[in-house]
Amino acid sequence: AVDVYKEIKSRKMEVPPYLINRFLHAYVMLGQIENAYEVWEYASSNGMQFDNYTYSILIHACAVARDFDHGKRVLEEAQKIDTHFVVLGSFIKLCGVCKQLSELTFAYKKMISRFKSQIGMIEY
């Protein structure tokens, strides 16, 4: 995926959104967070519309890099679309890794109140 991305970028080709997710994921799995950010910037500058999985992958990259501020900015951008619980789940992980407990609590409560039926929460 990394080599394909480099070739696409060198030729200034259009990239389908699902491939952006694959490129981001590949860079995160390789621990190459700066390259993941580069893919994000490249896609953003070319007017790409992102989905919940793109935002989730990028927030996960921020967790790996322990970059809370960038992750919070990504979440704010993600909230412009109909944010899926997978994005908030990634943000909760970011909060835990970065020891942002008040943000973690807020995000967890928001996720539970908004997605209770989708994540199968049981009330006691």
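**Buried residues in a helical chain**

In helix 5 (residues 68-78), the residues Phe68, His70, Gly71, Val74, Leu75 and Ala78 are buried (under 20% relative accessible area with a 1.4 Å probe, protein chains only). Because these buried residues fall within an arc of 160° seen down the axis of helix 5, they line one face of the helix; the arc is that of the directions from the helix axis to the C-beta atoms. The model is predicted, so local features need pLDDT of at least 70 and side-chain atom pairs count only at pLDDT 80 or more, while totals for chains, interfaces and linings use all residues. Residues are numbered from 1 along each chain as its sequence is written, and side-chain values use heavy atoms, with hydrogens and water left out.

The protein chain has seven helices and zero strands (DSSP runs numbered from the N terminus: helices are H or I with at least four residues, strands E with at least two). Of its 124 residues, 40% count as buried.

Not counting residues up to four places away in sequence, Asn52 touches Ile81, Asp82, Thr83, His84, Val86 and Val87, where contact means heavy atoms within 4.5 Å.

Ile57 is also found in helix 4 (residues 52-65), and is buried at a relative accessible area of 13%. With neighbours within four places in sequence left aside, Ile57 is in contact with Asn21, Leu24, His25 and Val28. The C-alpha atoms of Ile57 and Val86 are separated by 9.6 Å, the two residues being 29 apart along the chain.

Notes. Buried means under 20% relative accessible area, exposed over 50%, partly exposed in between (1.4 Å probe, protein chains only).
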